[in-house]
Amino acid sequence: AEKKGGNCYHIYQPSLNKCHSDYTITLETDLRYALEKQELVLYYQPRVSLVSGEIVGMEALLRWFHPQLGTISPKQFIPIAEETGLIIPISDWVSEMACQQGKTWQNWLKRPLKMAINFSAQGFQLSDFCERIEAICQRTQFPFSCLELELTESTLVKDFLQAREKLQQLQTLGIDVAIDDFGTGYSSLNYLQQFSFQILKLDRTFVRNSGRDTTNRAIVSSLIQLAHNLQLSVVAEGVERQCELNFLREQNCEEIQGYLFSPPLSAREMEDLLREKRRLPS
Ligand code: C2E
Ligand code: MG
Ligand code: MG
Ligand code: MG
């Protein structure tokens, strides 16, 4: 009873208004030390061009290898990192690490490779967000033109005017911004009109079964057309099946990522894949 009562508290954000379990509290406590204990690791999922079939870039995806609890999904610990403010140091670390790794691979391959990094609202809302990103690119010598920031609609909704200004600032630097999980949030069309993006990431919810499911086919084909009419390029995420790939190709989607080509990989595994020069069969 003590546990139930004592450990329950409410978080200020109404959407997260729920009681914390013991598990969450353990994660909260342990996450504070996860960075310094080197339990956080970046994985990379290749992104493949549907034109050339080549790996043109990757998305950095965070993993937490907890010594007792095993691998914890970012879906579980990113919200905790946001509530506790730990997202700021974590996000700094992710950006620096991803740019450093990206630079190393570019030097080795002697060709540009895009690196996409996810940001949550808290990080993006920092008043010096753009300056931080700029500084990281300078420190790591990672070219602005290869950097892509992934933001969601809910991140932008938090502070409309500032968000708009930041997107403008990033665009001036030559850094691309992708709207992630497009279509799963709200007021999507309004957002497309108000903010300047370069890339639209089609969420897996729509991509899934788009080979066969007529509703998803209609949604995917309309969204791709809409994006193209707005001069955005489209990256489809979560492509698992050949029939999905075929359909996306027919619809002139630019790039895909998904288990069909490769799951997110450790840096070592990614290096092997890049060495192999594996392509998407046409
Ligand atoms: P996201 O940015 O939409 O990333 C795509 C997710 O889809 C990843 O999950 C990826 O592993 C998964 N995925 C890729 N291909 C497939 C596929 O073919 N099938 C299926 N079923 N799933 C696929 P993951 O790595 O668990 O990440 C979940 C979310 O956590 C990400 O969604 C992103 O919003 C967030 N996240 C991950 N890393 C970071 C980070 O460094 N910072 C922030 N702020 N958020 C992050
Ligand atoms: Mg993403
Ligand atoms: Mg996504
Ligand atoms: Mg997603």
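Trainee: Are Glu 59 and Asp 180 buried or exposed?

Mentor: Glu 59 is buried, and Asp 180 is buried too. Keep in mind that this is a predicted model.

Trainee: Which residue coordinates both the magnesium ion (ligand 2) and the magnesium ion (ligand 3)?

Mentor: Asp 180 does, and the two ions are 3.6 Å apart. Now go to Asp 181. This residue coordinates both the magnesium ion (ligand 3) and the magnesium ion (ligand 4), which are 3.0 Å apart.

Trainee: What coordinates the magnesium ion (ligand 4)?

Mentor: Asp 181 (OD) and Glu 237 (OE), at 2.2 to 2.4 Å. Asp 181 lies in strand E6 and Glu 237 in the loop between strand E8 (233–236) and H12, so the pair ties together parts 56 residues apart in sequence.

Trainee: Why does Glu 237 count as buried, and why is Asp 181 partly exposed?

Mentor: Apply the cut-off: buried means under 20% relative accessible area. Glu 237 has 12% relative accessibility, so it counts as buried. Asp 181 has a relative accessible area of 23%, so it is partly exposed.

Trainee: How many residues of E6 are buried?

Mentor: Five of its seven, so read E6 as mostly covered. Next, check its strand partners. Strand E5 (residues 147–152) pairs with E6 in the parallel sense, over five bridges. One bridge sets Glu 148 against Asp 176 of E6. Strand E7 (residues 199–202) also runs parallel to E6, joined by three bridges. There, Ala 178 has Ile 199 of E7 as its bridge partner.

Trainee: At what angle do the axes of H11 and H12 cross?

Mentor: Two packed helices are described by the angle between their axes and the distance between the axes. For helix H11 (residues 214–229) and helix H12 (residues 242–250), the axes come within 10 Å and cross at roughly 35 degrees. The crossing is right-handed.

Trainee: Which residues make the contact?

Mentor: H11 gives Arg 217, Val 220, Ser 221 and Ile 224; H12 gives Phe 247, Leu 248 and Glu 250. By type, these are four nonpolar, one polar and two charged.

Note on methods: Residues numbered from 1 in each chain as written. Chains lettered and ligands numbered in written order. Predicted model: local features only at pLDDT ≥ 70, side-chain atom pairs only at ≥ 80, totals over all residues. Heavy atoms only, no water. Axes fitted to C-alpha atoms, helices over the stretch in contact; angles between N-to-C directions. Helix = DSSP H or I, 4+ residues; strand = E, 2+ residues; numbered from the N terminus. Left-handed = near helix turned anticlockwise from the far one by under 90°. Contact = heavy atoms within 4.5 Å. Nonpolar A, V, L, I, M, F, W, Y, C, P; charged D, E, K, R; others polar. Donors = N, O, S within 2.8 Å, 3.2 Å for Na, K, Ca; no water. Buried < 20%, exposed > 50% of the residue type's maximum accessible area, 1.4 Å probe, protein only. Pairing = 2+ DSSP bridges.
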